[in-house]
Amino acid sequence: MSPAPPHVAAGQPGSSSLRHDGYWWHRARTELLGAVMTPHLAAPRRTLDVGSADAPSVGWMRGEQQHVSLDLFPEGLRAGEGVVGSATDLPFADATFDVVSAFDVVEHCADDTRAVAELARVLVPGGRMLLSVPAYAWAWSDHDVRAGHHRRYTRPALVDLVEGVGMRVVRATYAFAGVFPLFAVERLARRVRPARPGDARLPEVSPRVDRALTGVCHAESRILRRHDLPFGSSVLLAAVRPGRSDRS
């Protein structure tokens with residue numbers, strides 16, 4: 001796993017979805033996550049979403065269970081279910097949750113092994129861990145620096161990380177494969193002409209392009225319900241904590 005370049009800058013608090021409400025990528029990610037992760041929810045009694053300062057992306061997780069959200073920043077946390085805290089020092093007892101999710105969170109942690117170990121610690125035996133991370137060290141750009149990332153991952157690297165804390169991976173796939181050529185071109189362009197300091201804007205798209213991009217991702221979500229993809233700008237993973245549980 002390749003580390004980020006030195007002097008990684010801290011990003012703005014919370015998910016970029018809070019500052020770019022309705023942006024096509026965030027809407028598409030919600031659909032892709034739901035397509036891959038929903039089958040691994042089972043029937044949980046208690047769920048935890050870490051990094052919940054973009055709560056709209058996990059609406060598909062909500063059901064009758066007790067749902068807890070955690071983030072370093074209060075923006076985006078719902079009153080009555082939000083907890084301010086760190087992914088590397090979760091303020092919960094061992095074996096508390098049936099499902100723990102962390103979507104585009106682990107790459108923000110300097111010690112990603114500790115973060116994943118904490119997610120595993122608060123899972124009941126048989127509980128499920130759901131993750132997403134950005135893909136490919138070669139795609140590192142000024143965007144990652146501004147976002148406060150420490151690294152990007154390959155699918156094997158994320159699998160090794162999760163298995164290293166004793167979890168059993170049941171699915172790992174790339175996502176955003178349909179728009180991957182555009183992603184690659186955009187990242188290479190950033191190397192030639194990085195954004196100006198302080199410019200945290202996402203690439204603007206016209207309504208027509210927005211519809212085209214979301215349409216491609218919608219078609220991809222249908223594929224992901226049944227098949228893994230060999231490349232993409234994100235890695236999605238579901239894993240189980242070994243052991244039996246009487247709570248799921």
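Two strands pair if DSSP finds at least two bridges between them. By that rule, strand 4 and strand 5 pair in the parallel sense over six bridges. Within this pairing, Ser-101 stands opposite Leu-130 in strand 5. Between the two strands the chain passes through helix 2 (residues 112–121), and this β-α-β crossover is right-handed. The model is a predicted one.

**Strand pairing**

Start with strand 1, residues 46–50. Four of its five residues are buried, so the strand is mostly covered, where buried means under 20% relative accessible area. Strand 1 pairs with strand 2 and also with strand 4. Strand 5, residues 123–134, is mostly covered too: eleven of its twelve residues are buried. Strand 5 is joined to strand 4 and to strand 7. The pairings are listed here.

| Strands | Bridges | Sense |
|---|---|---|
| Strand 1 and strand 2 (residues 66–71) | five bridges | parallel |
| Strand 1 and strand 4 (residues 97–103) | four bridges | parallel |
| Strand 4 and strand 5 | six bridges | parallel |
| Strand 5 and strand 7 (residues 234–240) | seven bridges | antiparallel |

Asp-49 stands opposite Ser-69 in strand 2. Val-50 has Ala-102 of strand 4 as its bridge partner. On the strand 7 side, Val-133 is bridged to Val-235. In a regular strand the side chains alternate between the two faces of the sheet.

**Arg-241**

The segment after strand 7 holds Arg-241. Which backbone atom lies 2.3 Å from a polar atom of the Arg-241 side chain? The backbone oxygen of Leu-123 does. Met-167 is 74 residues from Arg-241 in sequence, yet their C-alpha atoms are 4.9 Å apart.

**Helix 6**

Helix 6 spans residues 207–224 and has 18 residues. From first C-alpha to last, helix 6 reaches 25 Å, close to the 26 Å expected at 1.5 Å a residue. Its buried residues are Asp-210, Leu-213, Thr-214, Cys-217, Glu-220, Ser-221 and Leu-224. An α-helix has 3.6 residues a turn, so residues three or four places apart point the same way. The buried residues of helix 6 pack against helix 1 (24–37), strand 6 (168–175) and helix 5 (180–192). On the face turned away from the buried side sit the exposed residues Arg-208, Arg-211 and Arg-222.

**Ser-141**

Ser-141 lies in the loop between strand 5 and helix 3 (142–147). Ser-141 counts as buried because its relative accessibility is 7%. Leaving out residues up to four places away in sequence, Ser-141 touches Arg-187 and Arg-190.

Key
Residues numbered from 1 in each chain as written. Predicted model: local features only at pLDDT ≥ 70, side-chain atom pairs only at ≥ 80, totals over all residues. Heavy atoms only, no water. Buried < 20%, exposed > 50% of the residue type's maximum accessible area, 1.4 Å probe, protein only. Right-handed = clockwise from strand over helix to strand, strands pointing away. Polar contact = N/O pair within 3.5 Å; in protein donor to acceptor, adjacent residues only side chain to side chain. Expected span 1.5 Å × (residues − 1). Contact = heavy atoms within 4.5 Å.
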